[in-house]
Amino acid sequence: QVQLVESGGGLVQAGGSLRLSCTASGSTFSINTMAWYRQGPGKERELVARITSGSVTTYGDSVKGRFTISRDNAKNALYLQMNSLKPEDTAVYYCNAPLEGTRLVLFSWGQGTQVTVSS
């Protein structure tokens, strides 16, 4: 069973930056498309950015141009560089592997990492 551990969150002022990390146990990491998700207060969990095994990336409209997703398959690690942060980016951030064509994910959710952006 793959275990996901997110880290790097914190409190930051609007306009600031954070870099999130996700480590995954298990040997299947490198073959999976991976993604970052977030769930803000009172909101549903949403997909923020995704990256294929070949490092092709896509982003949600709300973060395009500000966030960068990357991966290091040798380290079983996924990253999210977040720049120009806005208060509406406040959420718990999670990583997982999206099941293509569905809203489902392949692995159990980790504990997430809290990002709070103050105005």
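Which residue in E8 is the bridge partner of Leu20? The partner is Leu80, and this pair belongs to the antiparallel pairing of E3 with strand E8 (residues 77–82), which extends over 6 bridges. The model is predicted, so that local features need pLDDT of at least 70 and side-chain atom pairs count only at pLDDT 80 or more, while totals for chains, interfaces and linings use all residues. Residues are numbered from 1 along each chain as its sequence is written, and side-chain values use heavy atoms, with hydrogens and water left out.

- Strands here are DSSP runs of E with at least two residues, numbered from the N terminus, and two of them pair if DSSP finds at least two bridges between them.
- Strand E1 (residues 4–7) runs antiparallel to E3 and is joined to it by 4 bridges; Glu6 has Cys22 in E3 as its bridge partner.
- In the pairing with E8, Leu18 has Met82 as its bridge partner.
- Strand E7 (residues 67–72) is joined to E8 by 6 bridges in an antiparallel arrangement, and Asp72 stands opposite Ala77 in E8.

**Burial of E3 and E8**

- Of the 7 residues of strand E3 (residues 18–24), 5 are buried, so this strand is largely enclosed by the rest of the structure; buried means under 20% relative accessible area, exposed over 50%, and partly exposed in between (1.4 Å probe, protein chains only).
- E8 is likewise largely enclosed by the rest of the structure, because 5 of its 6 residues are buried.

**Positive phi in the loops**

- Most residues other than glycine have a negative phi.
- Asn76, in the loop between E7 and E8, takes a positive phi near 50° in a hairpin that has 4 residues between the strands, and Asn76 is buried with a relative accessible area of 19%.
- Ser84, in the loop between E8 and strand E9 (91–96), has a positive phi of about 50° although it is not a glycine, and Ser84 is partly exposed at a relative accessible area of 39%.

**The largest pocket**

- The largest pocket has a volume of about 260 Å³, and of the 15 residues that line it, the closest to its centre are Tyr37, Leu47, Thr102, Arg103 and Leu104.
- A pocket is an open set of points on a 1 Å grid over the protein atoms alone, where a 1.4 Å probe fits, with protein on both sides within 12 Å along at least five of seven lines, and lining residues have an atom within 4 Å of a point.
- Strand E5 (residues 46–51) gives the most to this lining, with 3 residues.

Definitions and conventions: Points joined across faces, edges and corners; volume = space filled by probe spheres on them.
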